[in-house]
Amino acid sequence: MKKSLLAVAALGAFASAAQAQSSVTVYGILDMGYVGYNTRLAPGNAAAGPNSTVSKTTGNTFTQSAESTSRLGFKGVEDLGGGTSAFFTIELGLTPASSPYAVNTGTTQNRQSFVGLKKNGLGDFAVGTQYTVIHNAVSATDPGNANNMMGNVIYTAGTGSGAPVGNENGVSYTIRTNNALTLNTDSFAGFKAHAILIANNQNSNQTTTSSSTTTATTSTQTSTILGGTNNQNGWGIGLDYTWNKLFVTAAMQQLKAQNPITWTRTTTNATGATTGTFVAGSPVIFGLAQSAALGTNVQDNQYYAAATYDFGILKAYAQYVNRKASLQEDNGYYLKRNAQQIGVRSYITPTIEAWASGGLGKYTASGYNNPAANITAWQIGSNYWLSKRTNLYAIYGQTGTSNVSIVNNGNPASTNANNYAVGVRHTF
């Protein structure tokens with residue numbers, strides 16, 4: 001009897017120790033290959049005449065991350081008992097083709113870093129640098145699996161040359177964000193809900209810095225006033241529905257950016273004149289730094305909806321995205337982009353997988369003649385699976401737009417580009 005009790009006690013102690021033990025997984029992707037591209041920019045100035053020069057660029061290189069951005073990650077789970085667990089993820093971008101750094105030293109080095117808690121049957125929450133609700137929806141519904149090549153009007157974060165940028169602020173939507181709290185529910189009658197809250201607010205007192213220079217005839221004094229708010233915040237919600245082979249998702253997120261102000265005043269004693277200039281921040285919208293004319297206080301609204309259906313022999317995709325960035329003080333001053341895309345993905349043989357997609361879109365903006373740009377893109381690609389973790393790939397894509405600058409220009413420029421890659425990808 002005593003031996004039995006001792007055995008039960010030992011088992012209980014072992015179970016408690018095992019329950020508290022956390023498991024850590026090392027994972028990653030290495031994607032290397034040959035990438036080429038061609039771009040053609042037609043002149044946009046009517047005064048240049050019909051024989052004006054067309055700008056062309058070609059390139060090819062052995063580089064990384066054409067199909068998937070190379071990365072190194074660590075994730076862990078600890079069972080806390082009672083159906084509750086703690087989890088974390090740390091993920092860094094890799095640039096194995098770049099010397100001397102293998103780890104991405106740019107601002108996208110930190111791809112993800114978060115920690116959270118999960119309750120079985122309820123859901124989870126996490127805090128840190130994370131993907132947005134729209135990017136998670138795109139990842140689940142993109143026929144090209146969000147690769148970094150041209151030819152996709154929805155996921156356009158790649159540079160086209162295959163080098164990874166992993167932009168936090170992509171052209172169609174914001175991909176990931178810092179200072180975020182995310183919430184995800186478990187599945188209830190086929191529905192899953194998602195939410196994100198971003199808060200990075202700093203309200204600072206104004207401070208003044210001064211400097212002066214003196215010459216034989218003049219004396220100049222410069223005063224710079226720094227301060228005000230430096231706030232980046234927002235929220236987003238998403239909803240998924242799964243029914244047999246049908247998957248439907250919709251998400252929206254609204255982000256705000258308010259940048260600090262800088263005033264510079266210069267007084268020249270020789271003339272008694274005083275001058276002042278205002279330097280506005282340049283917000284990054286649609287993946288590009290916009291001029292100060294757009295305003296430092298930007299409201300950025302993003303919407304996404306998509307559906308997939310698995311027919312067995314192939315999987316069909318339909319996607320729609322809409323983004324509008326406007327001045328908070330005057331929402332009549334805006335830049336807007338919308339796009340729609342369809343595609344298919346299928347295993348032709350047990351080891352050969354292929355996909356194809358095509359999309360259309362449009363830019364519109366406030367200003368002279370309401371400048372607009374039409375977007376077209378298509379892409380084809382294939383994987384040859386050597387194993388469950390290693391594949392060879394070939395991808396080709398083309399993009400075109402009637403106006404690359406979105407400026408108040410009655411005769412805008414147009415551009416066309418293509419991108420191709422062959423390579424090998426290994427996941428671990």
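## A buried pair to start with

Arg345 and Glu353 are both buried. Their side chains meet in a salt bridge, with N and O 2.8 Å apart. Welcome to this structure, which is a predicted model.

## Other salt bridges

How many salt bridges does a search of the whole structure find? The search finds four. One of them joins Arg425 to Glu67, whose closest N and O atoms are 3.7 Å apart. Arg425 belongs to strand β23, while Glu67 sits in the loop between β2 (55–64) and β3 (71–81), so this bridge ties together parts that are 358 residues apart in sequence. Arg425 and Glu67 are both buried.

Another bridge links Arg323 with Asp300, and here the closest N and O atoms are 2.6 Å apart. Since Arg323 is in strand β18 and Asp300 in strand β17, the pair ties together parts that are 23 residues apart in sequence. Are these two residues buried or exposed? Arg323 has 1% relative accessibility and counts as buried. Asp300 is buried as well, with a relative accessible area of 4%. As background, side chains of opposite charge can pair when their charged atoms come close.

## Helix α2 and its neighbours

Now look at helix α2, which covers residues 133–141. Its buried residues are Val133, Ile134, His135, Ala137, Val138 and Thr141. Which strands do they pack against? The partners are β6 (123–131), β8 (191–200), β11 (231–243), β12 (246–258), β17 (297–310) and β18 (315–327).

Leaving aside residues up to four places away in sequence, Ile134 touches Tyr173, Ala251, Met252, Gln253, Gln302, Tyr303 and Tyr304.

## Nonpolar cores

The largest nonpolar core is made of 27 residues, and Ile134, Val138, Ile154 and Tyr304 have the most contacts inside it. Two or more residues of this core come from each of α2, β8, β12, β17, β19 (330–347), β20 (352–365) and β21 (372–385). Helix α2 gives the most, with four residues. There is also a second, separate core of seven residues, which includes Ala66, Met149, Trp355 and Tyr393.

In soluble globular proteins, nonpolar side chains tend to be buried together.

## A nonpolar patch on the surface

Which residues form a nonpolar patch on the surface? They are Val24, Val26, Leu30, Phe74, Ile90 and Phe428, and together they have about 490 Å² of accessible area. Strand β1 (residues 22–42) supplies the largest share of the patch, three residues.

Phe428 lies in the segment after β23 (414–427). With a relative accessible area of 39%, Phe428 is partly exposed.

## Aromatic pairs

The structure holds five aromatic pairs. In one of them, the ring centres of Phe191 and Tyr241 are 4.5 Å apart and the ring planes are at 35 degrees, so the pair counts as tilted. Phe191 is in strand β8 and Tyr241 in strand β11, so the pair links distant parts of the chain, 50 residues apart.

Methods: Residues numbered from 1 in each chain as written. Predicted model: local features only at pLDDT ≥ 70, side-chain atom pairs only at ≥ 80, totals over all residues. Heavy atoms only, no water. Buried < 20%, exposed > 50% of the residue type's maximum accessible area, 1.4 Å probe, protein only. Contact = heavy atoms within 4.5 Å. Patch = residues over 30% accessible without salt bridge, like charges linked within 9 Å, V, L, I, M, F, W, Y side chains within 5 Å. Areas by Shrake-Rupley, 256 points an atom, 1.4 Å probe, with all protein chains shown as cover. Core = buried A, V, L, I, M, F, W, Y, C linked by side-chain atoms within 4.5 Å. Phe/Tyr/Trp six-rings, centres within 6.5 Å; stacked < 30°, edge-to-face > 60°.
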